[in-house]
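Please keep the sequence and the picture in view while you work, and try each task before you read its solution.

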Amino acid sequence: MSRYVGDPIVFTGNAHPQLARDVCAALDVELGCANVFDFANGNTFVQFLENIRERDVFLIQPGAKPVNHHLVELLIMIDAARRASAGRITAVVPYFAYGRSDKKDQPRVPITARLFADLIQTAGADRMLTMDLHAGQIQGFFHIPTDELTAQQLMVEHFQRRGFDGVVVSPDFGGAKRARAAADLLGMPVAIAEKRRTSNDDRAEMLQLIGDVVDRDVLIIDDEIVTAGTLCEVAEMLRGQGARSIWAAAIHGILPHPALERLAASPIASVVLTDTLPLPQERRGAMLETVSIAPLLGEAIRRIHEGDSVGALFR
Ligand code: R5P
């Protein structure tokens, strides 16, 4: 029994309306009606077209490109909901952009992940619902309750259904824990590549592989794919070390051009992604498969609304 009026009410910005529609279908509620658009002068206008007084409001807006625009759109939606006397506002950000900017690791650089966490809270969000943050510590940038879901289990089930049997590979030390968790769920060994970035130009260099992949099918697991440089480099290394076949899975697919072309030219047989970000039709080549997070997100929203455990989803 929720202390808010009626069912949870879900609205979407322009970052990923299809995901919001799918979440509503999973929740069996209508998507809330709102106008969210830009005037000719580039200013964003938001208006909720139904009464949201004392309602439990969920605003779905992942950090899709153009990232800064969609983040500001979310802030304006939160402000509008606050001023419309919403009972509670949850920012649902399945992909939290700027996750890689979570520390001051070079002189005179910002911590942009923290900045955007502050902005979301200052705008008036009461809760945050997100998924597979680049680094779990980003949760600590929020002082409002923050639920971080993971799509790891969905990925694992996908590969279990396919009968995958091989070695799970992390493309860098930072992802070792994630790969280890997936390997444990799959009952397989893990190998870890050592990656180095020497500049801010998105290029990744593979130094060494810790683990044995000779004549094994391998599954590279990462949190996100941007340029696909990391995946392609590690795939080349794995091929060089005698891997039999190479598969890849990541939660978030950003994939600016020419990431897909790069993947297609790599030794990777297939890449599995979730739909935390929109994947336009032309990007779904034969080698891209999608696992939907909408049912998981819908169930988390239902639990938050009804005051049930979200953690129990992952036990
Ligand atoms: C980095 O630490 C992340 O886990 C990913 O490996 C990275 O964001 C992927 O980026 P790209 O596809 O541009 O190499």
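Predicted model: local features only at pLDDT ≥ 70, side-chain atom pairs only at ≥ 80, totals over all residues.

Helices (H or I, at least four residues) and strands (E, at least two) are DSSP runs, numbered from the N terminus. Residues are numbered from 1 along each chain as its sequence is written.

**Exercise 1. The chain as a whole**

Task: State how many helices and strands the protein chain has, and find out whether its radius of gyration agrees or disagrees with that of a compact globule.

Solution: Begin with the elements, of which the protein chain has eight helices and 14 strands. Next, take the radius of gyration, which is calculated over C-alpha atoms and compared with a globule rule of 2.2 Å times the number of residues to the power 0.38. For 315 residues a compact globule would have a value near 20 Å, and because the protein chain has 20 Å, the two agree. Along its principal axes, the C-alpha trace spans about 60 × 45 × 35 Å. Finally, look at burial, where buried means under 20% relative accessible area, exposed means over 50%, and partly exposed lies in between (1.4 Å probe, protein chains only); by this rule 53% of the 315 residues count as buried.

**Exercise 2. The shell around the ligand**

Task: Describe which residues are closest to the ligand, and determine which element gives the most to the shell around it.

Solution: A residue is near a molecule if one of its heavy atoms lies within 4 Å of it. With this rule, 14 residues surround the ligand, and the closest are Arg-100, Asp-222, Asp-223, Thr-227 and Thr-230. Sorted by class, the shell has three nonpolar, four polar and seven charged residues, where Ala, Val, Leu, Ile, Met, Phe, Trp, Tyr, Cys and Pro count as nonpolar, Asp, Glu, Lys and Arg as charged, and the others, Gly among them, as polar.

Now turn to the polar contacts, each of which is a pair of N or O atoms within 3.5 Å; within protein, one must be able to donate a hydrogen and the other to accept it, and residues adjacent in sequence count only if both atoms are side-chain atoms. An N or O atom in the side chain of Asp-223 is 2.6 Å from an oxygen atom of the ligand, and a polar side-chain atom of Thr-230 lies 2.5 Å from a ligand oxygen. Val-226 takes part through its backbone, with an N or O atom 2.9 Å from an oxygen atom of the ligand. The protein covers 93% of the 380 Å² of accessible area that the ligand has on its own, an area that comes from the Shrake-Rupley method with a 1.4 Å probe (for residues, only the protein chains shown count as cover). Two or more residues of the shell come from each of β11 (217–225) and α6 (229–240), and β11 gives the most, with four residues.

**Exercise 3. Asp-217 in its surroundings**

Task: Decide whether Asp-217 is buried or exposed, and list the residues that it touches.

Solution: Asp-217 is found in strand β11, and because its relative accessibility is 19%, it counts as buried. Its side chain makes a polar contact of 3.2 Å with that of Arg-244 and one of 2.7 Å with that of Ser-245. Contact means heavy atoms within 4.5 Å, and, not counting residues up to four places away in sequence, Asp-217 touches Phe-164, Asp-165, Gly-166, Val-167, Arg-244 and Ser-245.

Note on methods:
Heavy atoms only, no water.
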